[in-house]
Amino acid sequence: MTDRKIETVRGLYEAFGRGDIEHILSQLTDDVDWASCPDSDIAPWHGIHRGRAEVPSFFKALGDTLQITEFTPLSFASNETDVMVVTHWAATAPATGKSAAMDIHHWWRFRGDQICFYRGTEDTAQTAGMLSAD
């Protein structure tokens, strides 16, 4: 049986791969709570973005800072409201020439058919190393 929530998240990843941020935004509630490493300021995309209108700044910061060279979802799990995903990704920071590869974790929460909550975590030590000029 196909899980509609997992298919929605797969669609987000496909949209991300083709740079279709509008599709991603269309899947979010107006009051979405979106954060990657919410307690970190290591990377410009870290922190909390409240509301659909703030989410594009997440993608702009990510795109302005990194060249993503791999993004491969490895596993999906879901329950009535949530989808959890482990993804392997790799990126290069053009400003430093450094690269990193790691497994990242995504937590998506749905309200009805739309995403109302997102949390992403990554290996912040690797991210810091990639962004550091030292």
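Student: Which pattern does the protein follow when it is read along the sequence?

Tutor: Helices (H or I, at least four residues) and strands (E, at least two) are DSSP runs, numbered from the N terminus, and in this protein they follow the pattern α-α-β-β-α-β-β-β-β-α. The radius of gyration is taken over C-alpha atoms, and the globule rule is 2.2 Å times the number of residues to the power 0.38. Here the radius of gyration is 14 Å, close to the 14 Å that the rule gives for 134 residues, so the protein is as compact as a globular protein of that length.

Student: What kind of model is this, and how are residues numbered?

Tutor: This is a predicted model, in which local features need pLDDT of at least 70 and side-chain atom pairs count only at pLDDT 80 or more, while totals for chains, interfaces and linings use all residues. Residues are numbered from 1 along each chain as its sequence is written, and side-chain values use heavy atoms, with hydrogens and water left out.

Student: Is Gln-27 buried or exposed?

Tutor: Buried means under 20% relative accessible area, exposed over 50%, and partly exposed in between (1.4 Å probe, protein chains only). Gln-27, with a relative accessible area of 18%, is buried, and of the 134 residues of the protein 43% count as buried.

Student: Where does Gln-27 lie, and with which residues is Gln-27 in contact?

Tutor: Gln-27 lies in the loop between helix H2 (21-26) and strand S1 (28-36). Contact means heavy atoms within 4.5 Å; leaving aside neighbours within four places in sequence, Gln-27 is in contact with Thr-8, Leu-12, Gln-114 and Ile-115.
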